Amino acid sequence: MNCPPWPKGKKLVHLDLKGAPPRVEYLHKLIDLFSQLGADGLLVEYEDMFPYEGELKLLQATAQPAYSREEVLSIQEVAKCKGMEVIPLVQTFGHMEFVLKHRPMWSLRELAHCVGTLNPHKEEGVRLVMEMLRQVVELHPGLNTLHIGADEVYMLGEGEESKQWLASPGRTVEQLFLSHVTKVAKAIKDTWPHMTVIMWDDMMRGMSQDTLKASGLVGLVQPMLWDYNPNLEVDKTVSLLEKYCSAGMSDLWAASSFKGSTSVYTNVTSTQRHLENHLQWLNVAASLSAGINLKGIAITGWQRYDHLSVLCELIPVALPSLAACLQTLIHGQLSAEAQSKVTERLGVSSMEVEEMGSAADGTLLFPGRRLAESMVELNSLLNTDDIRFFENNMFVRGWFSPYQRQRKMVSPLITMQIHNEASMYLAMLQQKGEEVRGEMVQLYPDSTAQEWIEEHVSPVMAPLQRIIDEIAACVKEMVP
């Protein structure tokens, strides 16, 4: 089914900076590319990369320096020059791991072992959130729109104060959620009357129209409905948007995904998966009633599922996906014209990063192209069965089993063959790993390169190194 292009409204690219925050020079190049590909705004989730000051300085990242005030302003200036709006996203209820992990903030958790959810009963918590927002707004001159998060508020209602509150007849967890969000939204409107407030919708999906109408949220917030599934259920999504509209919230946003939603540890992006997600969103937009004012779509690019999870795909390997998704929204389908725009601008032969080919001399490189190529090659090597399951091959299991290693009774001839093969694979991984590291540190902090290598490469190299060391020890016992 061919759909009309995405209706009038913003096309925001989401920058998730809670993992692998790009060096600011690289970020400037990315913003330029986003603009060329058709984006007209940024949804920036700073987390611990924002230069919080005063009592909030402890929120700044320690693995690498947070962006400076000058760098945050420069990001906005580059975006402004391209006609792009910058909308900061500051979590105010759930996913506050980067705040509540700090010992001075432990008392503000809903539950001691749930690091992400703020206790909604403490005024100190609201003051904390408002101070975070104040500092962010102050460093975004002329800001008109804020995103206050509020998704996935896990374990809400499980804290002791919440249990006492819920013990009163007629009170529900839904009301508990709505009361906190309403309090924050009203405080924002009182402080900055002109400010538009966006929030994630997922905690409201099961609520009735009457509950939403009675919440006090109508007129205060614009829900952003997120769904990253390539098999997004169009009818169900349309019904949900219609429900919000009927409850009085007719200004609505969508959120799709160009990376970071396949699995928590994926490191190479599938363009096709994310393309299908956007085609489904086009079907949703084409099916909405006239009463709904679809303000825009945020194309999310998650870098971690949460502050304490591992890294998802880095931006360079996801740029073909982003380009294809933006062009699909603009054209209403992945037409020949849309495909041509992607392949020509990025200098690729395929929109799948694993099939894009190597850049020829003089080919227009997209920013991060060399890193993307190196990561794809290394990922392919890491997933080779001969390497990943080396300890299960016939020779290792037949002539260098744990029983044989323990007793140092091995065949020197065969174990040296195993040794040579393991050494060859280890050298290949070391060489390609260093190549990736060398490209990565040009675009990302050293800490990001170290984390990526230790997560993806070291666990595969360690068994090979162990076998090499053990063979050397065993052969020493048997060869004069």
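**A helix across the sheet**

Modeller: In this predicted model, helix H6, which spans residues 173–191, lies across strands S6 and S7 and runs at about 155° to S7. To place these strands, one may turn to the sheet itself. Its 8 strands follow the order S3-S2-S1-S10-S9-S8-S7-S6, with parallel pairing, and the sheet is open. Strand S3 (85–88) and strand S6 (145–147) stand at the edges with a single partner strand each, so one side of each has no neighbour in the sheet. From one strand to the next, the twist averages 25°.

As a general point, strands of a sheet pair through backbone hydrogen bonds, in either a parallel or an antiparallel manner. Strand S7 (residues 196–200) runs parallel to strand S8 (residues 222–226), and 3 bridges join the two. Here Trp200 stands opposite Met224 in S8.

Helix H6 also packs with helix H4 (residues 123–138), at an angle of about 45° and with the axes 11 Å apart. On the H4 side, the contact is made by Glu123, Val126, Val129, Met130 and Leu133, while H6 contributes His180, Lys183, Val184, Ala187, Ile188 and Thr191. Of the residues in this contact of H4 with H6, 7 are nonpolar, 2 are polar and 2 are charged.

Terms used
Residues are numbered from 1 along each chain as its sequence is written. This is a predicted model: local features need pLDDT of at least 70, side-chain atom pairs count only at pLDDT 80 or more; totals for chains, interfaces and linings use all residues. Side-chain values use heavy atoms; hydrogens and water are left out. Two strands pair if DSSP finds at least two bridges between them. Helices (H or I, at least four residues) and strands (E, at least two) are DSSP runs, numbered from the N terminus. Axes are lines fitted to C-alpha atoms, for helices over the stretch in contact, and angles run from 0 to 180 degrees between N-to-C directions. Contact means heavy atoms within 4.5 Å. Ala, Val, Leu, Ile, Met, Phe, Trp, Tyr, Cys and Pro count as nonpolar, Asp, Glu, Lys and Arg as charged, and the others, Gly among them, as polar.
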